[in-house]
Amino acid sequence: MVENRPWLSFLTHLVLIAGVVVVVFPVYLAFVASTHGSGDFMRGLVPLLPGPHLVENYGRMLTEGISTAGAPPLWIMLMNSLAIAIIIAVGKIAISLLSAYAIVFFKFPFRMLAFWIIFITLMLPVEVRIIPTFAVVANLGLLNSYVGLTLPLIASATATFLFRQFFLTVPDELMEAARVDGAGPMKFFRDILLPLSRTNIAALFVILFIYGWVQYLWPLLVTTDSRYYTVVMGIKRLAATADAEPLWNLVMASVILAMLPPVLVVIFMQRLFVKGLVDTEK
Amino acid sequence: MATIDLIDLKKNYGNVPAVKGVNLRVADGELIVLVGPSGCGKSTLLRMVAGLETVSEGRIEIGGRDVVKAEPAERDIAMVFQNYALYPHMTVRGNLEYGLKNRGTPRAEIDRRVQEAADILEIGALLDRKPRQLSGGQRQRVAMGRAIVREPAAFLFDEPLSNLDAKLRVQMRVEIRKLQRRLKTTSLYVTHDQLEAMTLADRLVVMNGGLVEQIGTPTEVYDRPATVFVAGFIGSPPMNLIPVSSLSGAPAALPRNTDIIGIRPDALFLDPQGGDAIALAGKVELLEPIGGESHLHVRLDSSGQSVVLSVPGRPDIAEGSAVTLHARLADIHPYNAQTGRRTDETVANL
């Protein structure tokens, strides 16, 4: 639709800009805060321009952390978060690709039952099943471990469901042609299905990476050893100090650092991400 | 190069029979067309030969070897699918090579065969493109190419032209015929388009309800349809099938047990033809000029049945006027309604 109405363009842009401001301003404020000294935010006058302590604040967070808050240096938490987000994303994609492949392309007894059982788990996110899940993980001795942090989050059906929907759109003839061409089930999966799912995998990776990165409740429950803290839950510990003002400048520096990886993932995978959501290569 | 033998081949889906016992021998280098209405089992039959459907009963032999339990890849066949089924993420070259690579064909041999197929089909310039960058006709060629490079014992075509527009379809039909003549590869070809069937086939297999109605060359099938079904299915507009009981004064010359007669639209005339003949009185319902000839829909006075005749040119007849139709006895196909078969001969049993 091509229309030339200056007022309409002006208005739509105004709304968009307003939206951007609403979203960006708090982030900007966090950034500003992270560049000031420790007391600057407590004076009643919030500074709106960056201060001189940027390198100092970020350096301190990354290397030492705030020892009084019981949190390790930020880089450990960042690494933990990164590891967990990647394990969750890769694990979920691998498992759901295989299970969706089985459900769609193979005929076995109770196939639909299997699908529905998987599908029903969609209704039970971690928060709902958190007590039994915690009990299981604790009894298995998986507290304070990467397995305990990731396994319960990997086991869910979102991605399986999405891949199933995608596989259903792949014409049967493609598989039949591959069979005539001498490709067995795994070869068909590797040579044809995987390349076709490439954009879907990328889109899911972005979604799942962020899903893993922002996990708060579960890491909070299963980690007591600070070596396994993730950054999102770590921030909470930084802000909760007993007898003193929180060191807002340092907390905000952590916030900014915690925001970076998801933003980078989105920026670098944006092209594939959008492609995966809007078109399929058929 | 091989023969294909189907022996008492049956296929049931649960309790529903789809193919009810088919015997057929495809000679070496022959192109056989399976034709019939939707749901007649022709595609199922082809897919059983390809190994994409299991066989409920009976045997399939390709080149004398029983292949019922063999995987599609082990049967030495190549298949061309209706929607081409090209691998969308591979280039044309990748599509052609894939089957050969899976078989561990040496690189030099692969290159030689791909080049050869590309030359035959004139798709050399397209080798590095992806399927989505090709037109329908080009995709069709690539699908054919994928079959050719394999140098299989047999080609199986599953309605390969039905996704093309009318003009391209005619063109590709001619090309498939030429190609098959040139390569002399045994071929089974499934279609519901009778024009395609008539023009392509060395022999036609007309199927209905999971059974073979007639096997013969296209002219045999057209000139002497073995059953009422074939009579009504092959030919356009279809043959008029008139119950003998509705004729006023049935001619004594009809063979015994004849209760349906078939007359092709071009064997009905408005003028008396001389010799032994029958005459049918009726009213013109509709006149359809279709260019070089016209189709005249006439409702018979005796039974109220509507028959079609095709007459050359554009006859000067008003709709609603009374006419008498004449047909030579020699042009009449006599059938028995009970058996559905011809009554003027014992057709060599299928």
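User: Across which strands of chain B does α4(B) lie, and at about what angle does it run to β6(B)?

Analyst: This is a predicted model, and in it the helix α4(B) lies across two strands of chain B, namely β6 and β7. Taken against β6(B), the direction of α4(B) is at about 175 degrees.

User: In what order do the strands of the open sheet of chain B follow one another, and which are the edge strands?

Analyst: The open sheet has 6 strands with mixed pairing, and their order in chain B is β6-β7-β8-β3-β9-β10. Neighbouring strands of this sheet are turned by 20 degrees against each other on average, when direction is ignored. Two of the strands pair on one side only, and these edge strands are β6 and β10 (211-216) of chain B.

User: In β8(B), which residue is the bridge partner of A154(B)?

Analyst: The strands β7(B) and β8(B) pair in the parallel sense, over 5 bridges. In β8(B), the partner that A154(B) has across such a bridge is T186(B).

User: Are the residues on the two faces of strand β6(B) buried or exposed?

Analyst: On one side of β6(B) stand I77(B) and M79(B), and on the other stand A78(B) and V80(B). Both faces of the strand are covered, and these residues are all buried.

User: Why do the buried residues of α5(B) line one face of the helix?

Analyst: The buried residues of α5(B) are R169(B), M172(B), I176(B) and Q180(B). Seen down the axis of α5(B), they fall within an arc of 70 degrees, so they line one face of the helix. On the other side of α5(B), the exposed residues are K167(B), V174(B), K178(B), R181(B) and R182(B). The buried residues, in turn, pack against β3 (31-35), α4 (136-148), β8 (186-191) and α6 (194-200) of chain B.

User: How far apart are the end C-alpha atoms of helix α5 of chain B?

Analyst: Helix α5 of chain B takes in the 18 residues 166-183, and at 1.5 Å a residue it should span 26 Å. The distance between its end C-alpha atoms agrees with this expectation, since they are 26 Å apart.

User: Does Y84(B) count as buried or exposed, and where is its place?

Analyst: Phi of Y84(B) is near 75 degrees, a positive value in a residue other than glycine. Y84(B) has 24 C-beta neighbours inside 10 Å, and therefore counts as buried. Its place in chain B is the loop between β6 and α2 (92-102).

User: In which loop of chain B does N257(B) lie, and how many C-beta neighbours does it have inside 10 Å?

Analyst: N257(B) is not a glycine, although its phi is positive, at about 70 degrees. The residue lies in the loop between β11 and β12 (260-263) of chain B.

Key. Residues numbered from 1 in each chain as written. Chains lettered and ligands numbered in written order. Predicted model: local features only at pLDDT ≥ 70, side-chain atom pairs only at ≥ 80, totals over all residues. Helix = DSSP H or I, 4+ residues; strand = E, 2+ residues; numbered from the N terminus. Expected span 1.5 Å × (residues − 1). Buried ≥ 20, exposed ≤ 12 C-beta atoms within 10 Å, placed from the backbone. Arc of directions from axis to C-beta. Contact = placed C-beta atoms within 7 Å. Pairing = 2+ DSSP bridges. Axes fitted to C-alpha atoms, helices over the stretch in contact; angles between N-to-C directions.
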